[in-house]
Amino acid sequence: MNEILPSYVNGEWWTPDAAAAASATEVRDASTGDLVARVSTEGLDLGAALEYARTVGQASLGKLTFHQRAVTLKQMALALTERKAELYEISARTGATKQDSWVDVDGGIGVLFTYSSKGRREMPNSMVYIDGAVENLSKDGSFLGRHIYTRLPGVAVQINAFNFPVWGSLEKFAPAFLAGVPTLVKPATPTGYLAEAFVRILDESGLLPEGSLQLVSGSVPDLFDHLRLGDLVAFTGSASTAEKLRQHPSVQTGGVRFTVETDSINASVLGTDAVAGTPEFDAYVKQLVVEMTSKAGQKCTAIRRAIVPEASVDSVVDAVRARIAERVVVGDPRAEGVTMGPLASLTQRDEVLRQVGKLQAAGGELVIGSTDAPGVTLAEGVTGVASDGAFVEPMLLRFTDAASPALHEVEAFGPVASIIGYGSLDEAVALVARGGGSLVTSVATHDPAVAVALAGGIAAYNGRVLFLDRDDARSSTGHGSPLPNLVHGGPGRGRRRRGARRHPRGAAPHAAHRGAGFARDAHGAHGRVARGRGLAARRGASVPQVARRASHRRPDRLGVAHGDPGRHRDVRGVHGRHVLRPHGRGSGIRESVLPGPRRAWLSARVVGRRTLRRCRARAGARELRPREPQVRDAGVAGRLDPRGAHREADHAARDRRVRRGALGRGAAQPERRARGVVRRAHPRGEGARAGR
């Protein structure tokens with residue numbers, strides 16, 4: 001493949017004319033330097049592509065409920081799974097080993113499966129997402145407020161990095177699709193041909209609703225000029241590029257949402273108890289080598305700073321050197337036995353070596369590896385120097401000055417890490433914090449006191465904190481594996497992302513009467529929408545007049561979100577509008593308790609570890625797991641997933657019998673939420689008592 005890489009816009013595949021092709025950018029194989037494709041967007045009308053998404057894409061997705069979109073995501077995942085061998089073959093040309101491709105390709109497919117499952121289990125079979133309970137805004141209950149989410153009216157634009165062309169695109173596409181927002185993907189040029197391959201598979205599957213996904217292969221210099229209120233951009237790349245884009249008027253004053261993930265100087269801390277010979281020490285060394293070499297270190301979550309007790313620095317260096325010599329084979333991913341491939345391009349190789357030079361100039365001593373061209377295993381199986389390949393060795397630098405700014409600010413985006421010693425846990429916390437906010441920090445310790453001290457100190461500076469010890473090291477997904485089930489992001493350089501609810505627009509409609517229909521009047525372009533039909537009928541005023549009385553005179557109710565899109569920020573209590581409760585938690589979550597052969601149901605006002613432990617102890621339960629939400633429209637669900645609908649219907653029927661006492665005395669108790677009372681079942685099912 002060395003022709004012009006096409007773009008998929010306006011429902012069809014597009015390539016530039018012959019004149020534009022003459023100036024196209026060449027993309028080469030990361031291992032051999034062979035020409036793979038040429039890339040150009042000269043003559044492409046980006047404004048038309050965005051408008052196509054806002055009109056055709058919005059219309060096609062708007063016809064589907066959350067459950068219908070979720071089922072489509074699963075079908076897409078199955079379509080990609082059937083042809084993933086094609087993606088693996090292409091991925092090898094980017095420098096990815098089979099294990100690297102598994103993380104990228106299968107990881108991206110796994111995101112589709114996960115969001116499909118969560119969408120059907122945790123979201124309603126409707127087009128509007130209700131957030132929380134009704135807020136009473138009047139003494140007599142005639143004036144109410146409720147938070148809802150509706151779709152954003154624009155397009156979700158992705159600007160992605162080169163390291164994960166499949167996973168990086170699908171982990172942004174899945175929540176946007178589930179929320180009903182069309183996506184335009186702009187992959188990085190060095191590996192964009194792999195993104196083009198998975199988009200082509202989805203197009204050929206016939207599963208994509210019209211306008212729901214578009215791909216631009218090449219540069220987009222005037223993209224931001226065409227964005228407007230209702231659009232959002234998810235950028236992954238360098239901090240310098242992100243800062244330039246953030247200054248664009250469409251972001252500053254035009255109301256375009258702009259989310260970034262940039263340089264992250266992640267850390268890994270070895271606990272003071274984890275000395276050489278302990279399982280925690282071994283797990284730490286294994287993890288450090290994996291993070292240095294997986295994807296050739298080209299991961300935003302890779303370990304850049306190894307923070308270890310001063311007495312253990314030499315032991316860690318020796319152990320890392322021995323493990324690299326034993327386990328790491330650098331070479332062409334298509335050769336047998338290779339465990340680490342090249343960087344994505346020669347340009348990226350030169351950039352990594354330049355950043356290593358900065359670290360050395362700042363006092364870093366290269367104790368493992370070299371900046372010289374390494375001998376590698378070539379595709380033919382022989383060893384030699386690949387002059388046209390983007391290969392570098394794994395490198396570890398040792399810093400004696402913990403205060404060196406470069407240690408905490410310079411990121412060599414490759415198989416490079418630095419090691420530094422600390423004297424106390426407070427010093428370790430301070431070193432983690434100097435990273436300026438990270439996506440992840442991991443801790444290896446078996447001492448609860450060490451874990452508590454580090455967790456309390458470093459949590460505020462990280463989006464995710466991983467604790468490793470002898471009990472969970474084997475089952476852990478590892479330091480550098482963000483999961484779709486959890487929040488991925490961080491403060492400072494990182495970003496925050498929380499799935500599908502990042503794409504709908506939240507609003508707080510007020511209503512003067514209870515009913516299921518008032519939420520539909522909320523629109524995504526407004527912060528708060530008012531209705532007063534019942535109040536208007538009593539007072540003889542029109543609905544718009546009552547709306548003005550209700551919402552404009554007293555807009556700032558404590559129980560209702562206040563804020564607008566665009567130039568204004570959203571506020572919800574002390575946490576801010578975008579800090580929402582995680583999936584599977586919150587008030588009203590029902591828990592399944594299995595004390596014996598019978599099943600009973602608990603209802604807890606706030607579900608947390610303490611509440612769950614108390615409920616488990618009182619009920620004598622061996623297992624406590626979230627209950628699947630009921631399907632409101634079993635007919636629609638049955639057409640999409642008959643087995644799932646029957647399962648949900650069985651749960652609902654069982655609940656009705658349980659509440660009537662049809663399954664035996666004490667099998668279940670009605671909910672009681674007043675004053676924090678929790679209803680629970682007797683351990684032997686011989687009756688029920690209420691306890692606080």
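Helix α14 (residues 425–433) has the buried residues A428, V429, L431 and V432. Buried means under 20% relative accessible area, with a 1.4 Å probe and protein chains only. Seen down the axis of α14, these residues fall within an arc of 160 degrees, so they line one face of the helix. The arc is taken from the directions from the helix axis to the C-beta atoms.

This is a predicted model: local features need pLDDT of at least 70, and side-chain atom pairs count only at pLDDT 80 or more, while totals for chains, interfaces and linings use all residues. Residues are numbered from 1 along each chain as its sequence is written, and side-chain values use heavy atoms, leaving out hydrogens and water.

Now the sheet. Its 7 strands are open and mixed in pairing, in the order β14-β17-β18-β13-β12-β19-β20. Strands pair if DSSP finds at least two bridges between them. At the edges lie β14 (365–368) and β20 (462–468), each pairing on one side only.

Contact means heavy atoms within 4.5 Å. Angles run from 0 to 180 degrees between N-to-C directions, with axes fitted to C-alpha atoms, for helices over the stretch in contact.

| Helix | Strands touched | Angle |
|---|---|---|
| α10 (residues 279–293) | β12, β13, β17, β18, β19 and β20 | about 160 degrees with β13 |
| α15 (residues 448–458) | β12, β19 and β20 | about 170 degrees with β20 |

Strands β17 (residues 395–398) and β18 (residues 416–422) run parallel, joined by 4 bridges. R398 has I419 in β18 as its bridge partner.

V317 lies in helix α11 (residues 313–327). V317 counts as buried because its relative accessibility is 6%. V317 touches V367, I368, L396 and I419, not counting residues up to four places away in sequence.

Technical notes: Helix = DSSP H or I, 4+ residues; strand = E, 2+ residues; numbered from the N terminus. Buried < 20%, exposed > 50% of the residue type's maximum accessible area, 1.4 Å probe, protein only.
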